[in-house]
Amino acid sequence: MSIFSSLFSRDTEDDYELEAGQSPEKASGPSNSALTGELYEGMRIDVTDPEGMPLVIGRITALTSTTLTLERLPGGLGFKICSLESAVCASGYDRKMVPVSLRATVQESSRTVLKLKNIQVETHVEHRAAFRLPLSVPVSLYRWDDEHYKTPEECMLVDISTGGACVQSEYIHAEDEVLRIRLKLDDYTPLNFVGQIVRCVEHMPGQFRYGFLFAQLTEEEITSLNKILFNMQTGVKRTHMRTEIGHW
């Protein structure tokens, strides 16, 4: 048994999935199903193309049975113009942090507004107790023995939960490799985790995505990280929030 085995637990959480919606069940029209969460005005939505490339991050300002209108987040810059009638994917979390995944078609696109039609809601049975927040921010990976964080490997965060994270990097790592990860979310204190790679795929030529399982967190650590992710999802910033944490 590995000397690192006691750090990690898979008893209550599946291996950290790299891609959401592996086996989606589609239902036409927006839905309030408990499996998909509830759409509401002001909700943050991340829009990507079908291959997962980011297009727009906005908030819902109008919602009907057939359309969804997004405008910029407070302080956000202009939207990227999307081709009319192009297919897109959209995702977010409702007030209870239940995931929402959509497929839609672009009806209107400008620097300030994105209107979607032909909404299809994808339902997923969620096996993890923790919600996953999609984020695109720089992070750094370090070798396990680099206890002073002297030699960073720069990469990008794809999403994060209290159980783990998905990161994208040009560097090659092996499954079961134990690493350190350091990331800074908004104005919060930088977070440090010990983790293990449990899944790896080549996302595109020369770019790899790794499912990174955190070492088992304490209840206090889980609560603190949940608060940070919830505040980021809902647009609340608490610049003076600090966490007293163990191996973070």
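Buried means under 20% relative accessible area, exposed means over 50%, and partly exposed lies in between, with a 1.4 Å probe and protein chains only. Keep that scale in mind during the tour.

This is a predicted model, where local features need pLDDT of at least 70, side-chain atom pairs count only at pLDDT 80 or more, and totals for chains, interfaces and linings use all residues. Residues are numbered from 1 along each chain as its sequence is written, and side-chain values use heavy atoms, with hydrogens and water left out.

**Stop 1: the whole chain**

Show the protein chain as a cartoon. Helices (H or I, at least four residues) and strands (E, at least two) are DSSP runs, numbered from the N terminus. Of the 248 residues, 46% are buried. Switch to a surface view. The accessible surface is about 13,000 Å², and carbon and sulfur atoms hold 50% of that. These areas come from the Shrake-Rupley method with a 1.4 Å probe; for residues, only the protein chains shown count as cover.

Contact means heavy atoms within 4.5 Å. Take the contacts between residues at least 6 apart in sequence: 60% of them join residues at least 24 apart.

**Stop 2: the aromatic cluster**

Select Phe193, Phe212 and Phe214. They form one aromatic cluster. Rings of Phe, Tyr and Trp (its six-membered ring) pair if their centres lie within 6.5 Å; planes under 30 degrees apart count as stacked, over 60 as edge-to-face and the rest as tilted. By this rule the model has four aromatic pairs.

Look at Phe193 and Phe214. Their rings are stacked, 4.0 Å centre to centre, with 5 degrees between the planes. Phe193 belongs to strand S13 (residues 191-204) and Phe214 to strand S14 (residues 207-214), so the pair ties together parts that are 21 residues apart in sequence. Both Phe193 and Phe214 are buried.

Now which way do the rings of Phe212 and Phe214 meet? The pair is edge-to-face, because the centres are 6.1 Å apart and the planes stand at 75 degrees. Phe212 and Phe214 are both buried.

**Stop 3: Arg143**

Select Arg143 in strand S9 (residues 138-143). Is Arg143 buried or exposed? Arg143 is exposed, with a relative accessible area of 57%. Setting aside neighbours within four places in sequence, Arg143 is in contact with Leu179 and Arg180.

Then draw a line from Arg143 to Val194. They are 51 residues apart in sequence, and 9.8 Å apart in space, C-alpha to C-alpha.

**Stop 4: charges over rings**

A charge sits over a ring if NZ of Lys or CZ of Arg is within 6 Å of the ring centre and within 35 degrees of the ring normal. Select Arg180 and Trp144. The charged end of Arg180 sits over the Trp144 ring, 4.7 Å from its centre. Next, select Arg182 and Tyr149. Here the charged end of Arg182 sits over the Tyr149 ring, 4.1 Å from its centre.

**Stop 5: two positive phi values**

Stay on Tyr149, in the loop between S9 and strand S10 (153-160). Tyr149 is not a glycine, yet its phi is positive, about 55 degrees. Tyr149 is buried, at 17% relative accessible area.

Finish at Asp186, in the loop between strand S12 (178-183) and S13. Asp186 also has a positive phi, near 50 degrees, and is not a glycine. At 35% relative accessibility, Asp186 is partly exposed.
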